[in-house]
Amino acid sequence: MIASVRAAWFADRKRPAVWTVTLTWIALALAFGVGVPYLVHLALAGDPKQADDAASLLDAVLPGQLVPTGIALFPLFGGAIVVILGAVVVGNEYRWGTLNLIFTQRPRRAQVLAGHAVALCALTLVLVALTFAAMAAVTALLAVLEGRVLDWPPAGDLAGAVAAAWLICSAHASLGYFLAIAFRSTATAIAVGLVWTLVLENAISGLALVLSPLEIVQKLLLAPSSGALAGALGARSQFEGGTPGVIESAGAGLPVTVLLGYVVLMFGLGTWLAVRRDVG
């Protein structure tokens, strides 16, 4: 098992597509999480009537708000990006035909796929850590430029946000993993995954606002559960002017349970499907 994890990690971290997706996400997170709010702050700062809004926007991009600002980016935008990452990591194995060769060697199929699942979870942790590190650096720079004190959130809160973002990303990555195996195609897996998370689940969430029976279904969906987890950690709801995808939550227990269920179910189903059928 350890050998399979090492082999998968070695292969995955050498893929240009993996780092292209990761760096693209970090750039988007900095642009929309910090850059756009700060530019709007600068535009409003000269208007006395908009002074409160300008101050609120500035506070949101300073180190003290790193936890809610950072975690709010993952439920909708980050999740979609990580679905692509999961599809790329596994789908390319079918595209290049490498699984045919690997499965004829000594490792069992389940062991090979489990190695890819573990390596994919490690990649999502790297992505989350790099995202928060980049945001910390940029928010610290803005605090210095604005003459503000570097007021960092408690270490426990920051660690909790990183863990929550990792869980959100692992759940979305597991969906990409499963779809890549189900369709044996990177492109199809990405298309279906994005339609699933960005269109279908958002449509059900919208209908749940007027059809109360769908509220139960909404709580079991991937994106709403991610948004509820972000809301439980202090991110402002999208209905209160916060980041799209974030919703109010009474607590983190149910969202965490649902997301863990996705991780186990999607990785498990994907591995089972790859073991049970022909590679071709």
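Trainee: Which residues of helix 11 are buried?
Mentor: This is a predicted model, in which local features need pLDDT of at least 70 and side-chain atom pairs count only at pLDDT 80 or more, while totals for chains, interfaces and linings use all residues. Residues are numbered from 1 along each chain as its sequence is written, and side-chain values use heavy atoms, with hydrogens and water left out. Helices are DSSP runs of H or I with at least four residues, and strands are runs of E with at least two, numbered from the N terminus; buried means under 20% relative accessible area, exposed over 50% and partly exposed in between, for a 1.4 Å probe and protein chains only. On these terms the buried residues of helix 11 are Leu222, Ala223, Pro224, Ser225, Ser226, Gly227, Ala228, Leu229, Ala230 and Gly231.

Trainee: How are helix 9 and helix 11 oriented relative to each other?
Mentor: Axes are lines fitted to C-alpha atoms, for helices over the stretch in contact, and angles between N-to-C directions run from 0 to 180 degrees. The axes of helix 9 (residues 186–208) and helix 11 (residues 222–232) come within 8 Å and cross at roughly 75°. Angles under 35 degrees count as roughly parallel, over 145 as roughly antiparallel, 65 to 115 as roughly perpendicular and the rest as oblique. The two helices are therefore roughly perpendicular.

Trainee: Which residues does His172 touch beyond four places in sequence?
Mentor: His172 is found in helix 8. With a relative accessibility of 1%, His172 counts as buried. Leaving out residues up to four places away in sequence, its contacts are Pro75, Gly79, Ala80, Val82, Val83, Thr197, Leu222 and Ser226.

Trainee: Which residues are in contact with Leu175, its neighbours within four places in sequence aside?
Mentor: Leu175 also lies in helix 8, and at 1% relative accessibility Leu175 counts as buried. Its contacts, with those neighbours set aside, are Val83, Trp196, Thr197, Leu222 and Met266.

Trainee: Are helix 7 and helix 8 parallel, antiparallel, perpendicular or oblique to each other?
Mentor: Helix 7 (residues 109–145) and helix 8 (residues 155–183) have axes that come within 8 Å and cross at roughly 140°. Helix 7 and helix 8 are therefore oblique.

Trainee: How do the residues of the contact of helix 7 with helix 8 divide?
Mentor: From helix 7 the contact includes Leu113, His116, Cys121 and Phe132, and from helix 8 it includes Leu158, Trp166, Cys169 and Tyr177. The division is 17 nonpolar, three polar and no charged.

Trainee: How many disulfides are there?
Mentor: A disulfide is a pair of cysteine sulfur atoms within 2.5 Å. The sulfur of Cys169 is 10 Å from the closest cysteine sulfur, in Cys121, which is too far for a bond. Cys121 is buried, with a relative accessible area of 19%, and Cys169 is buried at 0%. By this rule the number of disulfides is zero.

Trainee: What is the phi of Arg184?
Mentor: Arg184 is placed in the loop between helix 8 and helix 9. At 31% relative accessibility, Arg184 counts as partly exposed. Its phi is positive in a residue other than glycine, near 55°.

Trainee: Which residues does Thr139 touch, not counting residues up to four places away in sequence?
Mentor: Thr139 is found in helix 7 and, at 2% relative accessibility, counts as buried. Its contacts on that count are Val34, Val61, Leu62, Pro63 and Trp152.

Trainee: What distance separates the C-alpha atoms of Leu57 and Tyr38?
Mentor: Leu57 belongs to helix 3 (residues 51–60) and is partly exposed, with a relative accessible area of 24%. Beyond four places in sequence, Leu57 touches Pro37, Val40, His41 and Leu44. Leu57 and Tyr38 are 19 residues apart along the chain, and their C-alpha atoms are separated by 6.6 Å.

Methods: Contact means heavy atoms within 4.5 Å. Ala, Val, Leu, Ile, Met, Phe, Trp, Tyr, Cys and Pro count as nonpolar, Asp, Glu, Lys and Arg as charged, and the others, Gly among them, as polar.
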